[in-house]
Amino acid sequence: MPTIVYVDDSRDDLFYLDYIRKKQQIDVDLFCFSTAETALEALKQRVAEGWAPPELLVADLYMPLDSGIGLVSSLRADDRFRTMRLAICSGSDADEDRTRAFEAGADFYLEKPLDLAAIVLNLEV
């Protein structure tokens with residue numbers, strides 16, 4: 001079963017993704033965080049305890065204290081997380097936002113609302 005970390009300052013978006021996971025009975029471990037800082041600390045703790053990094057981290061592009069871009073850049077610079085796939089998500093379909101995400105090291109750019117079933121399916125490929 002894949003593990004996905006979702007970071008978004010919108011409690012509604014966090015609730016929605018977990019609701020969809022339960023409603024559609026999607027077989028995934030989903031960990032939701034409302035700040036990049038708490039997500040990064042949890043990932044570091046997880047690795048320190050001997051767990052493998054999650055298969056995917058999805059971070060919201062626009063968050064008040066730290067953007068998804070900052071989180072993705074930090075994870076790309078840390079050897080412990082080199083194998084983890086990283087995605088930036090946003091309600092924006094602007095080319096500049098996609099470019100910024102990929103330049104920061106994101107593997108994917110996802111538009112909201114997120115399609116959890118499709119995300120999990122792509123992880124299995």
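**Side chains, ring to bridge**

Okay, let's start with Tyr19, which is partly exposed because its relative accessible area is 41%. For that scale, buried is under 20% relative accessible area, exposed is over 50%, and partly exposed is in between, using a 1.4 Å probe and protein chains only.

Before I go on, this is a predicted model, so local features need pLDDT of at least 70 and side-chain atom pairs count only at pLDDT 80 or more, while totals for chains, interfaces and linings use all residues. Residues are numbered from 1 along each chain as its sequence is written, and side-chain values use heavy atoms, with hydrogens and water left out.

Back to Tyr19, then. What does it pair with? First, the count: there is one aromatic pair, where rings of Phe, Tyr and Trp (its six-membered ring) pair if their centres lie within 6.5 Å, with planes under 30 degrees apart called stacked, over 60 edge-to-face and the rest tilted. The partner is Phe15: the ring centres of Phe15 and Tyr19 are 6.2 Å apart and the planes sit at 15 degrees, so we call the pair stacked. Phe15 itself counts as exposed, because its relative accessibility is 60%.

How many salt bridges does the structure hold? Ten, taking a salt bridge as a side-chain nitrogen of Lys or Arg within 4 Å of a carboxyl oxygen of Asp or Glu. Asp18 bridges to Arg21 at 2.8 Å, N to O, and those two are three residues apart in helix α1, about one turn. Asp18 also forms a salt bridge with Lys22, with the closest N and O atoms 3.1 Å apart. Asp18 and Lys22 are four residues apart in helix α1, so about one helical turn separates them. As for cover, Asp18 comes out partly exposed because its relative accessibility is 21%, while Lys22 is exposed at 53%.

Now for a bridge with a longer reach in sequence. Asp107 and Arg76 meet through their side chains in a salt bridge at 2.6 Å, N to O. Asp107 is in the loop between α4 (95-104) and β5 (108-111) and Arg76 is in helix α3 (residues 68-76), so the pair ties together parts that are 31 residues apart in sequence. Buried or exposed, what is Arg76? Buried, because its relative accessible area is 19%; Asp107 is partly exposed at 37%.

There's also a network of salt bridges that links Asp8, Asp13, Asp60 and Lys112. Pro113 sits in the loop between β5 and α5.

For background, most peptide bonds are trans, and most residues other than glycine have a negative phi. Phi of Gln25 is near 50 degrees, a positive value in a residue other than glycine. Gln25 also counts as exposed, because its relative accessibility is 70%.

Okay, that's my tour.
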